[in-house]
Amino acid sequence: MEETFMKINFPSLSLLPIILVLACTTQKKLLEPNPELVKKQSQIAVPVPIPIGPTLMEKKEAAIAKYKGSHERKFDLLHTSLELKLDHSKQLVHGKAQLKLKPYFYPQDILELDAQDFEIHQLALVEAGEKKALASRYNGQKISVYLPQTYQEQDTLELFIKYTANPEAVAEGENKLFADTKGLYFINPLEKGGKPVQVWTQGETVHNSKWFPTIDAPNERATHDLKITVQDRFSTISNGTLVKQEKNSDGTRTDHWEMNLPHAPYLVAFALGEFTKLDDQWRGVPLHYYVEEAYKEGASRVFAHTPEMMTFFSEKLGVPFPWPKYDQVVVRDFVAGAMENTTVSIFMEGLNLDKRAAIDSEWDGIIAHELFHQWFGNYVTTESWAHLPLNEAFANYSEYLWYEYKEGRAAADLHHIGEMESYFEEAKEKQVDLIRYDYKDGEDMFDNHSYAKGGRVLHMLRKYLGDEAFLGGFITI
């Protein structure tokens with residue numbers, strides 16, 4: 001490699017002192033401040049730095065992180081068979097579940113089930129009547145079942161799970177003050193004081209997986225049957241039809257309920273207690289009202305308009321009541337106003353009225369609301385909790401429709417104003433979209449936006465479209 005050097009010529013050493021003096025003099029002049037320049041600079045306003053907020057990309061990433069879409073369907077739950085025994089003193093559920101499923105579309109070799117705070121005793125694949133143990137992983141909330149082969153869309157498998165459920169358990173990180181997520185509630189289990197012993201369920205949104213294993217999502221639909229063993233003094237009420245009652249040698253009784261029409265898992269329900277049953281009917285559909293004995297005479301008045309409501313809504317919607325029976329049960333300490341479980345609505349104890357108090361009963365609104373859910377919510381169900389107003393707004397507006405029909409436009413409008421004010425009061429602190437995918441959890445959707453505002457939006461659409469177009473649109477379901 002050839003190296004090249006640059007030739008440098010240095011000035012004469014005799015000139016060096018002069019150069020250094022000039023350099024120092026020039027540097028000194030440059031460093032001396034100019035008074036006029038300083039004065040002008042001090043008069044110039046210095047802009048205040050503007051804080052830089054999140055970038056558009058950061059905003060989009062945050063929105064994506066909060067997004068809650070529909071449950072991804074990997075398996076189709078076809079049927080669930082349950083056998084339950086309740087331990088009142090320990091508030092436990094001893095259960096056996098047999099689930100029939102098939103891949104929803106793509107081949108699958110892992111099945112994930114919701115099962116909150118369970119103790120799993122046995123998990124097996126059922127083939128030709130035999131149970132074959134399966135490998136699984138359980139984190140206290142979900143069971144990952146490792147299947148022995150890859151199942152195709154046309155394949156059906158049956159899974160058996162023996163378990164103990166503990167509805168009283170609180171998951172790590174869950175707010176212990178929020179007690180409305182138990183799924184199943186023991187009322188006065190130790191029989192202390194004057195309160196009756198009861199057990200009832202409340203599955204919405206994702207709380208039924210606190211007492212039986214399932215795919216706990218609103219876009220899942222399946223049939224089921226339930227065998228529940230209870231003390232012989234108790235009545236049981238559940239979805240569908242009571243097909244058999246069998247007394248056992250130990251003084252207990254096993255009731256077998258069958259629900260042969262598919263519905264969402266959160267709508268599976270039962271209630272247990274010492275109830276009195278009042279019988280009614282609508283066009284051959286059995287109707288029953290379950291209350292404590294002391295409120296039997298009042299109940300006949302509280303629920304008296306149920307058959308008329310069924311006629312009214314069936315005609316408005318163009319679809320007759322779509323289920324085999326309809327029960328209404330009033331329980332103690334319910335965590336909400338009421339719940340529209342398929343074929344069996346459960347109500348808070350405020351509807352427990354004696355004969356005298358029932359004269360002034362004003363519960364038609366809530367009774368109409370839960371009944372209307374048997375169409376909007378049960379017969380047609382939202383795909384995800386982001387779409388909850390498609391359930392609740394229509395049920396909310398059914399109250400207006402009923403009052404308009406039964407009591408006149410003035411009474412309906414008064415109800416309308418009350419609901420509108422409820423929404424406006426909430427909107428002082430909370431403003432969100434009706435359909436929203438960034439909710440904190442499913443419970444956050446149950447607000448006056450989904451209910452009261454949703455109902456008022458429907459009223460606005462009715463005024464805009466006219467009755468013929470608006471009410472005629474119901475028939476499209």
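**Chatting through the pockets, helices and cavity**

Me: Hi! Which element gives the most to the lining of the second largest pocket?
Reply: That would be α6, which contributes five residues to the lining of the second largest pocket. One thing to keep in mind as we go is that this is a predicted model.

Me: Good to know. What is the mean pLDDT of the protein chain?
Reply: The mean pLDDT of the chain is 90, and 87% of its residues reach 70 or more.

Me: And where does pLDDT stay under 50?
Reply: Look at residues 2-31, where pLDDT stays under 50. For that stretch the model has zero contacts beyond four places in sequence.

Me: What classes of residue does the lining of the second largest pocket have?
Reply: There are nine nonpolar, five polar and seven charged residues in that lining.

Me: Now the largest pocket. What volume does it have?
Reply: The largest pocket has a volume of about 1000 Å³. Its lining takes in 39 residues, of which H71, D114, K142, V206 and D216 are the closest to the centre.

Me: Which strand gives the most to the lining of the largest pocket?
Reply: It's β3, with six residues. Both β3 (108-114) and β7 (142-151) supply at least two residues each to the lining of the largest pocket.

Me: Which residues line the largest cavity?
Reply: The lining consists of L77, T80, L82, F212, T214, A222, T223, H224, H263, A264, P265 and V268. Strands β1 (75-87) and β11 each supply at least two of the lining residues. By class, the lining of the largest cavity has seven nonpolar, five polar and no charged residues.

Me: On to helices. At what angle do α7 and α8 cross?
Reply: The axes of α7 and helix α8 (residues 409-427) cross at roughly 155° and come within 6 Å. Angles over 145 degrees count as roughly antiparallel, so α7 is roughly antiparallel to α8.

Me: Which residues make that contact of α7 and α8?
Reply: On the α7 side you'll find N396, E399, Y400, Y403, E404 and E407. On the α8 side are R409, A411, A412, D413, H415, H416 and E419. The contact of α7 with α8 has four nonpolar, three polar and six charged residues.

Me: And what angle do α9 and α10 pack at?
Reply: Helix α9 (residues 449-465) and helix α10 (residues 467-474) pack at about 125°, with their axes 6 Å apart. That angle is why α9 and α10 are oblique to each other.

Me: Which residues of α9 and α10 make the contact?
Reply: From α9 there are L458, L461, R462 and L465, and from α10 there are D467, A469 and F470. The residues of this contact divide into five nonpolar, no polar and two charged.

Me: Let's finish with the backbone. Which residues does a cis peptide bond join?
Reply: E204 and T205 are joined by a cis peptide bond, with omega about 10°. T205 sits in the loop between β10 (198-201) and β11 (222-231).

Me: And what is phi of N188 near?
Reply: Phi of N188 is near 50°, which is a positive value in a residue other than glycine. You can find N188 in the loop between β9 (184-187) and β10.

Technical notes. Residues are numbered from 1 along each chain as its sequence is written. This is a predicted model: local features need pLDDT of at least 70, side-chain atom pairs count only at pLDDT 80 or more; totals for chains, interfaces and linings use all residues. Side-chain values use heavy atoms; hydrogens and water are left out. Axes are lines fitted to C-alpha atoms, for helices over the stretch in contact, and angles run from 0 to 180 degrees between N-to-C directions. Helices (H or I, at least four residues) and strands (E, at least two) are DSSP runs, numbered from the N terminus. Angles under 35 degrees count as roughly parallel, over 145 as roughly antiparallel, 65 to 115 as roughly perpendicular and the rest as oblique. Contact means heavy atoms within 4.5 Å. Ala, Val, Leu, Ile, Met, Phe, Trp, Tyr, Cys and Pro count as nonpolar, Asp, Glu, Lys and Arg as charged, and the others, Gly among them, as polar. pLDDT is the predictor's confidence in each residue, from 0 to 100. On a 1 Å grid over the protein atoms alone, a cavity is a set of points where a 1.4 Å probe fits but cannot get out, and a pocket is an open set with protein on both sides within 12 Å along at least five of seven lines; lining residues have an atom within 4 Å of a point. Grid points are joined across faces, edges and corners, and a volume is the space filled by probe spheres set on the points.
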